[in-house]
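Thanks for asking me to look this one over with you. Below are my notes, point by point, to read alongside the model.

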Number of protein chains: 2
Amino acid sequence: MRDSGTMSTTRRLGAEDSATRAALLDAARQLLLEEGYAAVTSRRVAARAGLKPQLVHYYFRTMDDLFLALVRRGGEQYLERQARALASPRPLRALWELSSDPAGARLTTELAALANHRKAIRAELAAYAGRIRRLQAEALAGVLAGYGIDAEVVPPEALLVLVTALSQILVLEDTLGATTGHAEMRALVERCLAHYEGPATNG
Amino acid sequence: MRDSGTMSTTRRLGAEDSATRAALLDAARQLLLEEGYAAVTSRRVAARAGLKPQLVHYYFRTMDDLFLALVRRGGEQYLERQARALASPRPLRALWELSSDPAGARLTTELAALANHRKAIRAELAAYAGRIRRLQAEALAGVLAGYGIDAEVVPPEALLVLVTALSQILVLEDTLGATTGHAEMRALVERCLAHYEGPATNG
DNA sequence: GTCTATACTTCGATAGAC
DNA sequence: GTCTATCGAAGTATAGAC
């Protein structure tokens, strides 16, 4: 019952807790970040990890399975980081900083582009996106009310879409080299954060 | 002097006003939208247009040249549509609707993902992004002042980053099937637009 | 768990005939 | 302007030895 998916053949698969498997996932993540999803091929992933291409197919039956594993590992890691951010004394600022992390934002963008034409990956990514945002909304509902933000006017869910959208676009456009208006936007965000949670700490 | 780029070989190239060339670009655009940039190969573009693969290389020396042509054609078209939107009686709403156009937003996302690891395309895309946003900012500066929005508090450039970010993410997440918070966010945007430019027209 | 060997497909790109 | 023919490289995936 280890086989993920449709279980059509009898071919054996490597264990999920294998160090080699983790190394392949690390290599895939690097390639995804540095050169985009089209660069994540069995040959190149293996080369990056210093292994033979056939090992990729030993641990992941298909390349889609590898991408799925990448989404799941990344999703779980993000949920953990987010839980810590939401529990911090300045949850809004912590959330802004978490979603502004360049590596995370680029990974999300790349996986989203890939998911656009791969059904299984799309479903998995959408499921994580939903979980992540719902947990954010639950945790922030009380916080925002405490800040005097009326949920009738600005519902927590809407504010979270806004935070995600802004941080994502700023990172994406930075990567492209198109930064018109970024300084102004960051200043505006900083002013809002400072208003509700005080100035940024320099630690 | 027709050769775009470094002019290293003497191979001939098709004319830029050719109907066949336009058909190839149309086919490439369709593939990009429907199946992502990885599906835009010379063979598949030609098949979609009902032509032979070698014709792609006759009109575009390399696949990068094809993508560049796609960026330029799309960029020019967008600049025209945007000029009309900004000159309309409700420029803010027109801009929101333009950037919320699913086809345009998806095309941008896909090209941005592609550009992440193709230098020439990245430069071209960034140049268009800069032009587009600067023209927006110029046109809206006076409008926003007329609405009583203080440019010291909310600079036009910042507002435009916000509009772009929100519309882009809403379309992207819709495509993925992750819509948590979207209804709330759209309602909030609609309230803002209605406040400054009156309710939506049903025509 | 990792290797060699291999089958088959699709890719970008070019040369040269018509 | 479009065709036939063709190259070498890279892709996914599998079988079976060690």
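**Notes on the predicted model**

1. **Two domains in chain A.** Chain A is divided into domain 1, covering 1–61, and domain 2, covering 64–197. Bear in mind as you read that this is a predicted model. The centres of domain 1 and domain 2 of chain A, taken over C-alpha atoms, are 27 Å apart. Where the two domains touch, 15 residues of domain 1 of chain A are in contact with 14 residues of domain 2 of chain A.

2. **Helices in chain A.** How many helices and strands does chain A have? There are 9 helices and 0 strands, and the pattern along the sequence of chain A reads α-α-α-α-α-α-α-α-α. The C-alpha trace of chain A spans about 60 × 40 × 35 Å along its principal axes. Of the 203 residues in chain A, 44% count as buried. If you take the contacts in chain A with a separation of 6 or more, residues 24 or more positions apart account for 66% of them.

3. **The nonpolar cores.** The largest nonpolar core has 66 residues, and Val40(A) and Val40(B) touch the most other members. To see this in chain B, set aside the neighbours of Val40(B) within four places in sequence: Val40(B) is then in contact with Ala28(B), Leu31(B), Leu32(B), Val45(B), Met63(B), Leu66(B) and Phe67(B).

4. **The largest pocket.** The largest pocket holds about 1200 Å³ of space. Its lining is made of 34 residues, and those nearest the centre of the pocket are Leu162(A), Leu188(A), Cys192(A), Leu162(B) and Leu188(B). By class, the lining of the largest pocket has 31 nonpolar, 1 polar and 2 charged residues.

5. **Which helices line that pocket?** In chain A, helix H5 (91–99), helix H8 (156–176) and helix H9 (182–197) each supply at least two residues of the lining of the largest pocket, and so do helix H5 (91–99), helix H8 (156–176) and helix H9 (182–197) of chain B. H9(A) gives the most to this lining, with 8 residues.

6. **The largest cavity.** The count comes to 2 cavities of 30 Å³ or more. About 60 Å³ of space lies in the largest cavity. Which residues line the largest cavity? From chain A they are Thr109(A), Gln168(A), Ile169(A) and Leu172(A), and from chain B they are Thr109(B), Gln168(B), Ile169(B) and Leu172(B). The elements that give two or more residues to the lining of the largest cavity are H8 of chain A and H8 of chain B. By class, the lining of the largest cavity divides into 4 nonpolar, 4 polar and no charged residues.

7. **The second largest cavity.** Here the volume is about 30 Å³. The second largest cavity is lined by Ala105(A), Arg106(A), Thr109(A), Val171(A), Leu172(A) and Thr175(A), together with Asn116(B). Helix H6 (102–115) and H8 of chain A each supply at least two residues of the lining of the second largest cavity. The residues of that lining divide into 3 nonpolar, 3 polar and 1 charged.

8. **An enclosed helix in chain B.** Why is H5(B) described as largely enclosed by the rest of the structure? Because 8 of the 9 residues of H5(B) are buried. The buried residues of H5(B) are Pro91(B), Leu92(B), Arg93(B), Ala94(B), Leu95(B), Trp96(B), Leu98(B) and Ser99(B). In chain B, the buried residues of H5(B) pack against helix H4 (63–86), helix H6 (102–115), helix H7 (119–146), H8 and H9.

9. Ala105(B) has its place in helix H6 of chain B. Is Ala105(B) buried or exposed? Ala105(B) counts as buried because its relative accessibility is 4%, and buried means under 20%. Not counting residues up to four places away in sequence, Ala105(B) touches Ser99(B), Gln168(B) and Val171(B). Ala105(B) and Val171(B) are 66 residues apart in sequence, with 6.7 Å between them in space, C-alpha to C-alpha.

Technical notes
Residues numbered from 1 in each chain as written. Chains lettered and ligands numbered in written order. Predicted model: local features only at pLDDT ≥ 70, side-chain atom pairs only at ≥ 80, totals over all residues. Heavy atoms only, no water. Core = buried A, V, L, I, M, F, W, Y, C linked by side-chain atoms within 4.5 Å. Buried < 20%, exposed > 50% of the residue type's maximum accessible area, 1.4 Å probe, protein only. Contact = heavy atoms within 4.5 Å. 1 Å grid on protein atoms, 1.4 Å probe; cavity = no way out; pocket = protein on both sides within 12 Å on 5 of 7 lines; lining within 4 Å. Points joined across faces, edges and corners; volume = space filled by probe spheres on them. Helix = DSSP H or I, 4+ residues; strand = E, 2+ residues; numbered from the N terminus. Nonpolar A, V, L, I, M, F, W, Y, C, P; charged D, E, K, R; others polar. Domains from an automatic or database assignment.
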